[in-house]
Amino acid sequence: MFQIRGLIVFCGLLAQTKALLEGEGLPLLPALSSIPTDLAGSLISALTNGLLSGDLLGILKNCPILDILKAGGDNSNGLVGDLLQNNLIEVKVTDPRLLELGLVQSPDGHRLYVTIPLGLVINVKMPIVGGPWRLNVKLNITVELLVVKDDQGKFRLIVGDCTHSPGSLKISPLDGIAPPLIQSLVDSLTGIVNNVPSELIQGKVCALVNEILSHLDVTLVHNIANLLIPGLKFVIKV
């Protein structure tokens, strides 16, 4: 009988505490058992599907690599610069790829960082060395996701910083050891692409991610926001 009375008293105190917190407008942290499972996987899946349906591969394939090379070639010295300026290099982008996305949570638990690894093949043909020579290109774009409250009081996920690390850019020949002229082009391309204006690949990808976020499932956004706002960890490096 004593145990039953004690349980009743405890439940009453718990109910009063819950009512007090709600009355003060303080958010209640979700119980561990109530946290939806695999939120990280659901977010990655939604972003991946959104990038592909948003024609990310078309954006990569139609990237004006030759124009980028020519713009950067104004400062190029030697034969590669001369070939670029005299339209003696043919460049074509093929095999655009979206590789597996990565997801980590910030140390304070309030933000998410999505890594978007991109890949493509650049086919280069020059009259001096023939070809085409195929160059494999890999580039990581990192997107910061933040929680904000809109004018209607609803939580949304938006893009914060959106950058690419110069160290993530990898360009390598696919056809064995490249001739010196091709290797010189690889070096020039690496330097130029690292300084590509943000309105090109990076800008288009970031804008596409922001568009995807605005159409995410409401329940998914709500569940993620409920964990990011108090800084609860739910992402084990994906």
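Mentor: Let's start with a term: contact means heavy atoms within 4.5 Å. This is a predicted model, in which local features need pLDDT of at least 70 and side-chain atom pairs count only at pLDDT 80 or more, while totals for chains, interfaces and linings use all residues. Residues are numbered from 1 along each chain as its sequence is written, and side-chain values use heavy atoms, without hydrogens and water.

Trainee: Which residues of α2 and α7 meet?

Mentor: From α2 come Ala46, Leu47, Gly50 and Leu51, and they meet Leu208, Val209, Ile212 and Leu213 in α7. Those residues divide into seven nonpolar, one polar and no charged. Gly counts as polar here, whereas Ala, Val, Leu, Ile, Met, Phe, Trp, Tyr, Cys and Pro are nonpolar, and Asp, Glu, Lys and Arg charged.

Trainee: Why is α2 called oblique to α7?

Mentor: The axes of α2 and α7 (residues 201-213) cross at roughly 120° and come within 10 Å. Under 35 degrees is roughly parallel, over 145 roughly antiparallel, 65 to 115 roughly perpendicular and the rest oblique, so α2 is oblique to α7. The crossing is right-handed, the near helix being turned clockwise from the far one by less than a right angle.

Trainee: What makes α2 and α8 oblique to each other?

Mentor: Again the angle: α2 (residues 39-53) and α8 pack at about 130°, with axes 11 Å apart, and α2 and α8 are therefore oblique. This crossing is left-handed. In it, Leu39, Ser42 and Leu43 of α2 meet Leu220, Asn223, Ile224 and Leu227 of α8. The contact of α2 with α8 has five nonpolar, two polar and no charged residues.

Trainee: What lines the largest pocket?

Mentor: Lining residues have an atom within 4 Å of a pocket point; a pocket is an open set of points on a 1 Å grid where a 1.4 Å probe fits, with protein on both sides within 12 Å along at least five of seven lines. Asp150, Lys154, Arg156, Leu213 and His222 are among the residues lining the largest pocket, and about 240 Å³ of space lies in it. β5 (155-164) and α8 (218-228) each supply at least two lining residues. By class, the lining has six nonpolar, two polar and three charged residues.

Conventions
Points joined across faces, edges and corners; volume = space filled by probe spheres on them. Helix = DSSP H or I, 4+ residues; strand = E, 2+ residues; numbered from the N terminus. Axes fitted to C-alpha atoms, helices over the stretch in contact; angles between N-to-C directions.
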